[in-house]
Amino acid sequence: MGRRRAPELYRAPFPLYALQVDPSAGLLIAAGGGGAAKTGIKNGVHFLQLEQVNGRLSASLLHSHDTETRATMNLALAGNILAAGQDAHCQLLRFQTLQQKGKNKAEKAGSKEQRPRQRKGAAPAEKKSGAETHQEGAELSVENLQAVQTDFSPDPLQKVVCFNHDNTLLATGGTDGYVRVWKVPSLEKVLEFKAHEGEIEDLALGPEGKLVTVGWDLKASVWQKDQLVTQLHWQENGPIFSNTPYRYQACRFGQVPDQPAGLRLFTVQIPHKRLRQPPPCYLTAWDGSTFLPLRTKSCGHEVISCLSVSESGTFLGLGTVTGSVAIYIAFSLQRLYYVKEAHGIVVTDVAFLPEKGRGPELLGSHETALFSVAVDSRCQLHLLPSRRSVPVWLLLLLCVGLIVMTILLLQSAFPGFL
């Protein structure tokens, strides 16, 4: 039996590092590039239109936004505003889907650079990237808004960016260990503090101004603005390795399914040093208000590179440095889906198809869809078939039937039973 494979959804002309999904317009946004080196590899943000075609989810290039010499390494999405981490800076982009009306062929030809996909005569680079064309009459415009430097180390790099719950603020972290919080869209700085000694690996903004950060100093911290609330200790109810230091690789907040006010925090722990026989990595679920560990489980010996939580908080998506992709159920941390070396190289980002907007339409008969991107320039699709469940009323009916049958059998075997 051959190795399980995930379908390739799209191939870009540059390495891919970041991924976001806009549920309202059904857009998949993938970004990356070759950086400032003069290698001929471009830098850009590609906007892909998601559609169901003959019962299959497909993606086609709708717009390519050139970022010149800056590769986009991380993304956050708030409505139609993207926050893009490019070297030591954060660049805000605003995109808008438009409908063409009464444009003639000459006008379309004159706007070729704005809309790289065309029905006929696609450019060679587009053909090579696997871009499809569809949906005549649609176009997308992208506008550069504010930009600000967010990291000031000797080798500056913004490593993570995220918005708060109402999209009025965004937080950034990088190699200098500082968290900086900015107003949107002015990018006026409202908060700055030293969170870690060394690089910040990930951060997550929660309700009531709570902020969780994880860094290369092996610490995970919960902050209220710039005040330390508590440190996370994932091994309180988990395994203990005296000779194997672990660090936190990722952190994400997620809803508790069927509990609108409930909140969970999920973290990934990986060995701090690469070993010839690597110990397992771990997933931990935390109470979102007390920040006490609820459950910790091993997620295999492949080093985890990225983490995503589905919109409803039902599923967790993981990518590894060896290119594998997995989907876990958040409640029990049980693995439901796994493709070994789907990319064959480090998975740089994963993102779920949201369950709102066009999500249900695009999902079709599947329970969830996870997208993954990697340095191999590919975007892959991972579909989880709907798990068959028995309705409660049917279970009750079966139980009543079994009780009646048992009574009848007993009555037949022992006439005086009743």
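This is a short tour of the structure, stop by stop.

**Before you start**

This is a predicted model, in which local features need pLDDT of at least 70, side-chain atom pairs count only at pLDDT 80 or more, and totals for chains, interfaces and linings use all residues. Residues are numbered from 1 along each chain as its sequence is written, and side-chain values use heavy atoms, with hydrogens and water left out.

**The whole chain**

Show the chain as a cartoon. It has four helices and 28 strands. Helices (H or I, at least four residues) and strands (E, at least two) are DSSP runs, numbered from the N terminus. Of the 418 residues, 49% are buried. Buried means under 20% relative accessible area, exposed over 50%, and partly exposed in between, with a 1.4 Å probe and protein chains only. Among contacts in the chain with a separation of 6 or more, 50% are between residues 24 or more positions apart. A contact means heavy atoms within 4.5 Å.

**The largest nonpolar core**

Select Leu9, Leu28, Leu50, Leu353, Phe371 and Cys379. In the largest nonpolar core, of 23 residues, these touch the most other members. Such a core is a set of buried Ala, Val, Leu, Ile, Met, Phe, Trp, Tyr and Cys residues joined through side-chain atoms within 4.5 Å. Now colour the elements that give two or more residues to this core, including strand S1 (8-11), strand S4 (43-53), helix H3 (359-363) and strand S28 (378-385). Cys379 counts as buried, at 0% relative accessibility.

Zoom in on Leu353. Beyond its neighbours within four places in sequence, Leu353 is in contact with Val21, Leu50, Gly359, Leu362, Leu363, Ala369 and Phe371. A second, separate core has 18 residues, among them Cys281, Ala285, Leu316 and Leu333.

**A four-stranded sheet**

Move to the open sheet with the order S10-S11-S12-S13. Its four strands pair antiparallel. Two strands pair if DSSP finds at least two bridges between them. Strand S10 (158-163) and strand S13 (189-194) are the edges; each has a single partner strand, so one side of each has no neighbour in the sheet.

Select S11 (169-174) and S12 (178-183). Five bridges join these antiparallel strands. Leu170 stands opposite Trp182 in S12. Thr172 stands opposite Arg180 in S12. The hairpin of S11 and S12 has three residues between the strands, and Gly177 takes a positive phi near 80 degrees there.

Step on to S12 and S13. They pair antiparallel over five bridges. Val179 stands opposite Phe193 in S13. Five residues lie between S12 and S13 in their hairpin, and Leu187 in the turn has a positive phi of about 60 degrees.

**Cysteines**

How many disulfides does the structure hold? The count is zero. A disulfide here is a pair of cysteine sulfur atoms within 2.5 Å. Cys162 is in none, and the nearest cysteine sulfur, that of Cys251, is 8.1 Å away. Cys162 is buried, with a relative accessible area of 13%.

**An annotated span**

Last stop: select 313-331. An unreviewed UniProt entry lists residues 313-331 and 392-414 as "transmembrane region". UniProt positions follow the numbering used here, feature names are shortened, and annotations may be inferred rather than shown by experiment. In this model, residues 313-331 are 0% helix and 58% strand, and the end C-alpha atoms lie 9 Å apart.
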